[in-house]
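This report covers a structure shown below with its sequence. Please keep both in view while reading.

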Amino acid sequence: MFFLDYIWLIPLFPAMGAAIMFFFGRKIEKPAVNAVCVGAVVLAFLFSCGAVWQYTGWSAMPEHAHQPFQKILYTWLGSDSSHLNFVKHDGTPAAFQADAGFLLDPLSSIWLLFVTGVGMLIHIYSTGYMAHEGGYYRFFGYLNLFMFSMLTLIMGNNYVVMFVGWEGVGLCSYLLIGFYFHRKSASDAANKAFIVNRIGDAGFLLGMFTLAWYFGSFRFTDINHLARTGNFQIGDPIITAAALLLFVGACGKSAQLPLYVWLPDAMEGPTPVSALIHAATMVTAGVYMVARSNALFVLAPTAMKTVAIVGALTAIFAASIGLVQNDIKRVLAYSTVSQLGYMFLALGVGAFAAGVFHVFTHAFFKALLFLGSGSVIHAMSGEQDMRNMGDLHRRTPVTHWTMFIATLAIAGIFPFAGFFSKDEILWQAWSSERGAYQWLWLIGVITAFMTSFYMFRLMYLTFHGRPRMSHEVEHHIHESPKSMTVPLIILAAGSIFAGWLGVPHSLGGSNRFEKFLEPVFAKEAKPVLAEQTPGQLAAGQKEAEHTNPTEYLLMLLSLGLAAAGWGLAWKVYRHADKGYAEPIAAKTPLVYTAMLNKYYVDEGYDYIFTGRRKLGPARLGVMGLGDASAWFDSRIVDGTVNGAGWTTRAVGTLSTWWDRWIIDGLLVNGPAIVARVFSYPARLVQWGLVQWYALLMVAGLVGFVAYYSYR
Amino acid sequence: MTPITPIHYLILAAALFALGTIGVLTRRNVVIVLMSIELILNAVNLNLVAFSRMWGLEGQVFSIFVITDAAAEAAVGLGILIAFFRNKETVNVDEVDLLKW
């Protein structure tokens with residue numbers, strides 16, 4: 001099987017492109033850059049198609065039924081299993097090993113196809129969009145590096161290789177957001193993206209190592225097999241902890257609360273970057289990771305609940321901010337955060353296939369929306385504020401119609417792509433687990449209404465109403481070149497037809513998307529609830545073939561709300577002229593200001609975490625703790641050290657005095673003085689006269705004799 | 001006539017001893033002092049011999065020792081005198097006062 005055996009070429013093509021740009025990019029001409037970089041991604045796409053095609057054939061063979069295809073090139077980290085060098089949680093030794101391996105199964109096939117496909121279209125688009133920008137080769141080099149990292153992420157067969165890709169896309173995100181590094185706002189945004197991502201990465205690493213410690217391996221196949229067959233208790237605390245830690249990583253990468261703050265600022269990068277990284281690919285990495293770890297999440301209902309709640313809250317929170325933003329890319333950024341919330345809501349209620357389906361359709365229409373907005377910005381000579389746009393639909397027809405199709409898709413209008421995927425999520429939220437998540441359904445439905453409203457607001461403000469731009473800009477409005485409009489058309493086709501892969505049973509379809517993903521999710525998912533009433537289906541398993549009439553009711557309800565959002569936007573913004581009024585601003589100015597300022601979350605973070613804003617003289621949070629520690633260290637600790645030094649010197653002075661006066665004076669010189677004093681008279685005895693000494697001797701002798709004779 | 005008893009020898013020895021002592025203590029010339037020392041030693045010899053008549057021959061043996069010792073001592077003393085004379089050009093005992101304070 002050629003494409004399967006050479007599957008490792010798929011990430012290699014863009015890697016080579018990036019390497020060539022790194023070494024020779026400066027010296028080669030733009031057409032050569034195009035040929036190398038765009039060609040690399042085209043090759044990657046073709047090889048991906050070939051690999052997925054051959055995989056379907058390979059997995060149809062009875063000996064490989066429903067197995068993932070693994071191609072292990074070599075053992076990258078660690079030893080082979082004869083060397084056991086860390087200890088698992090139960091005390092048995094295990095081998096630390098991460099292979100340079102590739103995994104292809106239905107889940108990664110889907111990601112592979114849309115990452116390379118949409119990536120290819122965006123590369124082609126960028127040749128037109130970036131044609132007049134400086135640093136052309138640098139841009140394409142980074143873009144290819146990004147493709148390499150993303151492909152590594154989705155094709156890795158173990159958590160470590162996935163983490164390599166995970167970090168790589170974070171790096172490329174930093175490089176590309178800060179592409180116009182001369183602008184401080186761009187480099188700040190790049191820093192913010194990387195740092196917030198890093199916080200998530202800490203969670204990812206901790207989760208990954210917890211899993212290795214618990215299961216003894218990093219490979220997906222090993223962990224999934226053990227999780228499914230290992231008699232683990234539902235709600236196992238270590239698996240729950242690992243799942244929650246991995247989800248923290250997903251929050252950082254896929255911009256969920258509270259780590260979403262980098263994504264709106266990431267719009268500082270060029271528009272193709274926003275389309276590729278922040279709409280279609282990098283931000284879906286978190287969803288991919290959670291979907292890949294579904295065997296673990298299914299064993300940890302607390303973690304699933306957390307995922308669902310965070311997803312739903314993120315969805316409605318971001319949608320509310322998007323209602324009032326004036327920069328066209330900001331609206332789309334918050335829309336992305338909101339749609340990602342939907343995906344995590346789907347994963348959290350157990351509808352893994354629905355979440356993945358929404359990722360798939362979202363890639364098409366969100367990329368289209370971003371590329372279309374790029375086309376608009378290109379036509380408007382760099383203007384991004386919608387207050388200064390208007391009435392573009394006659395001058396940029398292709399952009400207008402493709403974006404209109406994308407808006408219909410994202411609002412969830414039948415029969416466009418978003419309808420099927422979003423509806424599936426909402427239905428699963430309503431119906432799973434005996435209705436435990438119905439309040440999340442409510443949040444999702446309100447968000448759908450908001451989504452429709454703000455997307456059509458964007459359409460009407462940009463393309464309809466009265467022209468509100470300055471005259472020079474108005475003169476330059478033109479449709480974009482073919483290199484930009486052809487990808488738009490292709491993506492529009494995707495936005496229309498991609499949804500038809502997942503038509504649910506209730507509407508007469510066979511939901512081939514979900515069937516394709518069955519081996520990954522449904523077949524071996526264990527029941528999530530401890531007690532299971534007969535007839536109760538486990539989350540994630542396909543429903544029996546009969547359909548619930550409530551499903552139709554909910555479908556009509558969400559369609560109605562989407563149409564209502566459209567209608568409301570049409571009424572308010574259809575004739576928007578210079579100085580048009582925002583209805584929310586008119587009715588509730590406080591709420592409007594809060595939404596416009598993104599609920600002051602960034603400012604809050606500045607107070608609590610980064611310490612860039614102070615409360616009076618003091619800083620809060622961790623930085624404040626640092627300030628307090630610094631004060632403590634310099635005053636009290638150093639003061640103590642200095643005090644010890646001073647004490648030592650004082651003792652030294654005391655010792656000196658003692659030594660000089662008491663020891664030397666009293667004890668050493670004293671006897672000497674006494675001796676001298678007594679010696680003065682004593683020496684007088686020595687006259688030097690020998691006869692005198694002799695007389696004394698005789699006197700002594702006489703005394704002795706007298707004494708003894710008269711005793 | 002009264003017989004010569006050992007008492008007479010003892011008295012003679014004592015007289016010589018006294019003369020010798022006075023000589024050592026009062027004479028100015030170092031040579032005369034040395035002669036007086038010899039006189040003392042000889043008085044002691046006389047004493048010893050007198051007692052040997054009474055109590056055995058050990059007295060005479062001891063006086064031979066004393067004579068030998070006196071000779072050696074005279075030699076050494078004269079040697080010191082000559083060395084001192086070379087330094088100080090005098091034989092006056094009063095001028096041997098190098099150890100004076």
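The model is predicted.

**Overall form**

Chain A has 28 helices and four strands. The table lists values for this chain.

| Property of chain A | Value |
|---|---|
| Radius of gyration | 39 Å |
| Span of the C-alpha trace along the principal axes | about 160 × 70 × 55 Å |
| Share of buried residues | 48% of the 711 residues |

For comparison, a compact globule of 711 residues would have a radius of gyration near 27 Å. Of the contacts in chain A with a separation of 6 or more, 79% join residues 24 or more positions apart.

**Core**

The largest nonpolar core contains 217 residues. Among the residues with the most contacts inside this core are Phe146(A), Ile177(A), Leu345(A) and Val356(A). Helix H16 of chain A, residues 352-379, gives the largest share of the core, 17 residues. Val356(A), apart from its neighbours within four places in sequence, is in contact with Leu107(A), Ile110(A), Ala291(A) and Leu517(A).

**Ile446(A)**

Helix H19 of chain A, residues 438-463, holds Ile446(A). Is Ile446(A) buried or partly exposed? Ile446(A) is partly exposed, because 16 other C-beta atoms lie within 10 Å, whereas a buried residue needs 20 or more. The C-alpha atoms of Ile446(A) and Ala562(A) are 9.7 Å apart, while the two residues are 116 residues apart in sequence.

**Contact between chains**

Chain B contributes 11 residues to the contact, and chain A contributes 11 residues. On the side of chain B that touches chain A, seven residues are nonpolar, one is polar and three are charged.

Notes
Residues numbered from 1 in each chain as written. Chains lettered and ligands numbered in written order. Predicted model: local features only at pLDDT ≥ 70, side-chain atom pairs only at ≥ 80, totals over all residues. Core = buried A, V, L, I, M, F, W, Y, C linked by C-beta atoms within 7 Å. Buried ≥ 20, exposed ≤ 12 C-beta atoms within 10 Å, placed from the backbone. Helix = DSSP H or I, 4+ residues; strand = E, 2+ residues; numbered from the N terminus. Contact = placed C-beta atoms within 7 Å. Nonpolar A, V, L, I, M, F, W, Y, C, P; charged D, E, K, R; others polar. Rg over C-alpha atoms; globule rule 2.2 N^0.38 Å.
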